[in-house]
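Student: I have a protein model open and would like to learn how to read it. Could you take me through some features one at a time?

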Amino acid sequence: MTTRKVTTLIVGGGQAGLAMSRALTLRGIDHLILDRERVGHAWRARPWQQLRLQTPNWANALPGADTHDLDPDAFLPARAMTGRLETYAEMIDAPVEEYCDVLAARATGDGFALATNQGPFHARSLVIASGACARPAIPALAGGVPDAIRQIPASAYRRAQDVPEGGVLVVGASASGVQIASELSAAGHRVTLAAGTHLRLPRRYRGRDIDVWLDAIGSMDERFDAVDDIARVRRTPSPQITGWPVSVDLGALQARGVELVGRLGAIRDGQALFSGGLAHACAAADLKLARLRDRIDTWVQETAPASGFATPERLTPEPLVPTPVPANARLGIDLRAGEIQTIVWATGYRPDLSWLDLPVFTRKGELDHQGGVVTGAPGLYALGLPFLRRRRSPLISGVGPDADDLADHLAARLRQSTAA
């Protein structure tokens, strides 16, 4: 079969891949997007019916487009992103090869050779834009769960009515975990939430959405090369926040009847064993939130008046209520006793890079890159990963600036290789 040649191949037709397509088009670089399904499929395939974007509509504009047709302060249902991405792909005239599954990619002397179900491709440069959430990160200890208990990864959760009657153990207290725990509790399930390190964040502060403040103080534009330990920051859990006007921090969940336990550390002989460090994890999250509030308060006092920022700066910030920690949090549950009928694994996600036959991974199996420029494979780039170049990198509003930066780097490299 004849090898199809193109200057740049982009793997993934979501918001990151489309943003890179636009950036390359503006720079006159021919390219092709390869997507194993269709444009925006990752949003289309999400089964969770109540899932909404966690950022308000004003913060979700794609590069070169706008959100003027939406209520700026509302939160878009996740599935609605599919239609918006399809419209965007048409607007920028993105070249997309749909239902093209990349099976393997290896380096050649002048670029990369890709094997796909649609035949071989060759490109001088390659962009990974297949997302950071391709596979649920289920811990190995899940293998010790008794067969009678149903296990559901958060990526497969659809609605509370589909969960069998009986108690539910939700493992993980980041964005997905707290939202699922809240929904299951409201539907009448007895819910136990296993919480380790987490990031507490209010939906609103001082009368404004928290994203307004994060944008105003410059937090979301902090760069990867200005952070002391970028690897640690990239592993920061997603904040306890939702696209609904309700609080989902651990205090609010406990008030709704959710039982709180520490991090799930092991499952032995049918016993789920929890860490005794719950109080420490909650105190650390409270401290980080207090520091953020102080930073916002300082900005309001020192910068907001001169910037013309229309803010209710005269409002006195409400006191920070520490997370209530149960005095006698359980350290174990017998999973064979019938109390728990279902376990929901809200333990995060990881990208699917199994098709990369290249020396580009760290000892921990993570993609080794500097701001999206992949180490060990010249001409290879990544987009849409946590804190890739900026703190806002994994957000819809973050893919455009990152794509522009990487497209500049890619174009310069192409010019240099052509001259050589």
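Student: Where is the place of Pro245?

Tutor: Pro245 sits in the loop between strand 14 (239-240) and helix 7 (250-255). Helices (H or I, at least four residues) and strands (E, at least two) are DSSP runs, numbered from the N terminus. This is a predicted model, where local features need pLDDT of at least 70 and side-chain atom pairs count only at pLDDT 80 or more, while totals for chains, interfaces and linings use all residues. Residues are numbered from 1 along each chain as its sequence is written, and side-chain values use heavy atoms, with hydrogens and water left out.

Student: Does Pro245 count as buried or exposed?

Tutor: Buried means under 20% relative accessible area, exposed means over 50%, and partly exposed is in between (1.4 Å probe, protein chains only). Pro245 has 74% relative accessibility, so it counts as exposed. The C-alpha atoms of Pro245 and Ala148 are separated by 36 Å, and these residues are 97 apart along the chain.

Student: What does the side chain of Arg206 make a polar contact with?

Tutor: A polar contact is a pair of N or O atoms within 3.5 Å; within protein, one must be able to donate a hydrogen and the other to accept it, and residues adjacent in sequence count only if both atoms are side-chain atoms. Here the partner is the side chain of Asp297, at 2.9 Å. Arg206 belongs to the loop between strand 12 (204-205) and strand 13 (208-209), and it counts as buried because its relative accessibility is 8%.

Student: Which backbone oxygen does the side chain of Gln179 reach?

Tutor: That of Ala175, at 3.1 Å. Gln179 is part of helix 4 (residues 175-186), and with 7% relative accessibility Gln179 counts as buried.

Student: How many aromatic pairs does a search of the whole structure find?

Tutor: Let's start with the general idea. A pair of aromatic rings is described by the distance of the centres and the angle of the planes. Rings of Phe, Tyr and Trp (its six-membered ring) pair if their centres lie within 6.5 Å; planes under 30 degrees apart count as stacked, over 60 as edge-to-face and the rest as tilted. The search of the whole structure finds 1 aromatic pair. The ring centres of Trp213 and Trp299 are 6.5 Å apart and the planes are at 75 degrees, so this pair is edge-to-face. Trp213 is in helix 5 (residues 210-216) and Trp299 in helix 8 (residues 278-302), so the pair ties together parts that are 86 residues apart in sequence.

Student: Are Trp213 and Trp299 buried or exposed?

Tutor: Both Trp213 and Trp299 are buried, with Trp299 at 13% relative accessibility. Trp299 and Ile217 are 82 residues apart in sequence, and their C-alpha atoms are 6.6 Å apart in space.

Student: Which residue lies over the face of Trp244?

Tutor: A charge sits over a ring if NZ of Lys or CZ of Arg is within 6 Å of the ring centre and within 35 degrees of the ring normal. In this model Arg52 lies over the face of Trp244, at 4.2 Å from the ring centre.

Student: What is the volume of the largest cavity?

Tutor: On a 1 Å grid over the protein atoms alone, a cavity is a set of points where a 1.4 Å probe fits but cannot get out, and lining residues have an atom within 4 Å of a point. Grid points are joined across faces, edges and corners, and a volume is the space filled by probe spheres set on the points. The largest cavity has a volume of about 50 Å³. Its lining includes Thr55, Trp58, Asp211 and Arg392.

Terms used:
1 Å grid on protein atoms, 1.4 Å probe; cavity = no way out; pocket = protein on both sides within 12 Å on 5 of 7 lines; lining within 4 Å.
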